[in-house]
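This report describes selected contacts in the model shown below.

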Amino acid sequence: MPAESQLVIVGAALFALGLVGFLSRRNLIVMFLSTEVMFQGVLLNLVAMGQIHGRLDGQVFALFLLVIAAVEAALALGLIVLLFRRRGTVATDAWATMQG
Amino acid sequence: MSETAVAACSILILLCPLLGAGLIGALGRPVLRGRSHAPAIIGVGIGVIASFVILHMVRAAGGAETAHVVLYQWFVTGAPSAWFNVEVLVDALTAVMLVTVTFVSLLVIIYSRDYMREHGQPARGYERFFAFLALFVFSMCALVLAGNFLLLYLGWELVGLCSYLLIGFYYQRPAAAAAAKKAFLVNRIGDFGFGLGILLIYLTIGHLDYETVFGAVQAAMANHGHGDVGAVAAALNTDLATAVGVMQGIQNRVAIIALLLFCGAIGKSAQLPLYVWLPDAMEGPSPVSALIHAATMVTAGVYMVARCGVIFTASPAVMTVVALVGAVTALYAATIALTQHDMKRILAYSTVSQLGYMFLGLGVYAAGSAIFHLFTHAFFKALLFLSAGSVMHAMGGIIDLRHFGGLRRIMPWTCRFCVIGALALAGFPLFSGFWSKDEIIHHAFQSNVWLGLIGLVTAALTAFYTGRMIFRAFWGLERVPEGVHAHESGRWILVPLGVLAAGAVLAGYIHVGGFIEPVTEPFALAAAQAHHTIPVHETLLHAAALGPGGADVATHAAEGHNYGLMAASGLIVILALGLAYLAYVIWPGLPSMVTAIWPRAYRLLFHKYYVDEIYDAGVVQPLRGSGRLCFGIDEYVVDGLIWLVTAVPRALAYALRGLQSGAMQGYGVTMATGLAIIVLVVLLSGW
């Protein structure tokens, strides 16, 4: 199996694991970590695609996305801290108030 | 008359009261407070002086001259673009009206200075009261000075507004607020007809200024109703072809125009069937009753009919309507006044009745006598109302004759003045009311015996109810309401009363009818055509030539006064007064015996022929019912339809809102499922 295909498989596995984690947990921080895992899977895919097509665009793109992900992580954690201060918990159930 | 002088005086008469009102309105509460009467007195005082100057100028010009001054051009409209001007028309009639209005108003405002105080302190709304009074004087002067129908309508509506504001002066009292509303609404009914009449004049003639309109109507009705095309064309300043059309329009519509204008007069001057607002208007302060609902505003209708003599006399049928309405109202209101207990209400019905006399006079082509009666009535009725106010002031706001009596010794001066006013109202020989009322009855007899008889019977009733009021208030056992320290009123109240009392005696010797003869000429001419009996016209001209406003009884006699009639009416008045003295002083048991004999008649009169109840059941309730119906349709039918339309999106939302669970994982699963479906589709389609 070529290295690119292995990369794609690992990326898909990471994305699937992250998705399962996101859907099965109630803790906001863990859910956030799960989305990060999904994110890494996507990044791995980008790198693999760059390899397959023999171009650097995929890796450059992945580097930019890493920076944005870091910024977004800081923002998301800040929001989670604020939510925690309001309700004293980081469970999503505490915020399930918008029921139709 | 120099136009400049007339213009200057007119502007002074109009602007000084208006400025006074504005000044009180702006500075009354923060600065003037208890001195708020000063701007009103000064403003109206200047108006009085200017009015007398105008009267003097008219007299100096022999009374026959008319000054028509355009103050400025207001706006332009119409197909052959015509300017509507702010213009004044000054002639003998205007001068007499101006002097009456401003002079009586000034006295009433002076009187109000004390009347509107409680224990020396200005009553609540003191500034407001004087601002409204000054505004009213402005409005009435605008009405009288107006040189076209548009300005007349402006003044007409402004006095209506002031009347509303002043009747509702004690707006905290529900009765006063209701009375103000009633006056305004009833007046609106009449004013609607009045407005239609003015519109019809404009549609027919294309102009609204008095001189053009009257000139055109006169020309169109010349030659015994066949018209004079050349004169119409000259009056309108058009070619003959246009004039023929206008002339036919005038001939067809003049009776309708007159009737519509008369609608306004019925409303404003409180005639049958629109008189109902005036007795209720007594909820306002007494000076308001004296000024607006006795002396000045309610005479606007009489003034308007006299001013529009050309239009009214063009149709004998309309003149008959005017005479009949006047005669019936005079008799009708006098019978109601017999049974009322509220002093101000007695006077209110008496005002309605006296206004009926004036319309009777107009209807029998005696406009001079009608205006003469207006003039004398302004003095003695203002005097009576102010005296009643003085009594009310002393009685702590109580004016019901059942609660006090025998005030002769407590309030000697008020009593004296009130008796003078009452004698003038009753038509006691040699007092002013005697001369003017007698002239009207005399002319009524000349026109139709029945009208004359109604006049005489009403005169007897007037004397009786006036006597009843006076004797119950001032004679008999001395009674005052409990807890009231009765006292004579102060100088500010008594001096105006004294001046008015002098007027109530002497006004009858000023020969108003002869003075305004040039203005009321259309009536005399029409009477000559209608009855072929007109010695009066010639003798009046003769009297006017002797000296305008000549003040002696001989002039009255020369005017064709019927000595037999004078003696008869004098005798009737004295007998009626004697009967009142018998019934209310000598033998106080008599009235209750009479009411016991005819209880039904008494109840009918006491409840004012149930007219208020009939109007309530016949007009107010159906209208209120239709209002409720409209409300119901709006509430249930229209709103229901809208509810149905909005139900569609609401039902959709109800069906879909279950999807909004609020749980984040639910949304996540939906997203993941959607993503999986997209991926599957992409893969299976082999793209």
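## Surroundings of Ala179(B)

Leaving aside residues up to four places away in sequence, Ala179(B) touches Ile167(B), Asp280(B), Ala281(B) and Glu283(B); contact requires C-beta atoms, placed from the backbone, within 7 Å. This is a predicted model, in which local features need pLDDT of at least 70, side-chain atom pairs count only at pLDDT 80 or more, and totals for chains, interfaces and linings use all residues. Residues are numbered from 1 along each chain as its sequence is written, while chains are lettered from A and ligands numbered from 1 in the order in which they are written.

Ala179(B) lies in helix H6 (residues 174-205) of chain B; helices are DSSP runs (H or I) of at least four residues, numbered from the N terminus. Ala179(B) has 23 other C-beta atoms within 10 Å and is therefore buried (20 or more such atoms; exposed is 12 or fewer, partly exposed in between). The C-alpha atoms of Ala179(B) and Pro279(B) are separated by 9.0 Å, although the two residues are 100 apart along the chain.

## Helix pair and chain interface

In chain B, the axes of H15 (residues 316-337) and H20 (residues 449-474) come within 9 Å and cross at roughly 25°, the axes being lines fitted to C-alpha atoms over the stretch in contact, with angles from 0 to 180 degrees between N-to-C directions. H15(B) is therefore roughly parallel to H20(B) (angles under 35 degrees).

Chain B also meets chain A: 12 residues of chain B are in contact with 9 residues of chain A. The table gives residue classes for both contacts.

| Contact | Nonpolar | Polar | Charged |
|---|---|---|---|
| Side of chain B touching chain A | 5 residues | 6 residues | 1 residue |
| H15(B) with H20(B) | 11 residues | 4 residues | no residues |

Ala, Val, Leu, Ile, Met, Phe, Trp, Tyr, Cys and Pro count as nonpolar, Asp, Glu, Lys and Arg as charged, and the others, Gly among them, as polar.

Notes:
Contact = placed C-beta atoms within 7 Å. Helix = DSSP H or I, 4+ residues; strand = E, 2+ residues; numbered from the N terminus. Parallel < 35°, antiparallel > 145°, perpendicular 65-115°, else oblique.
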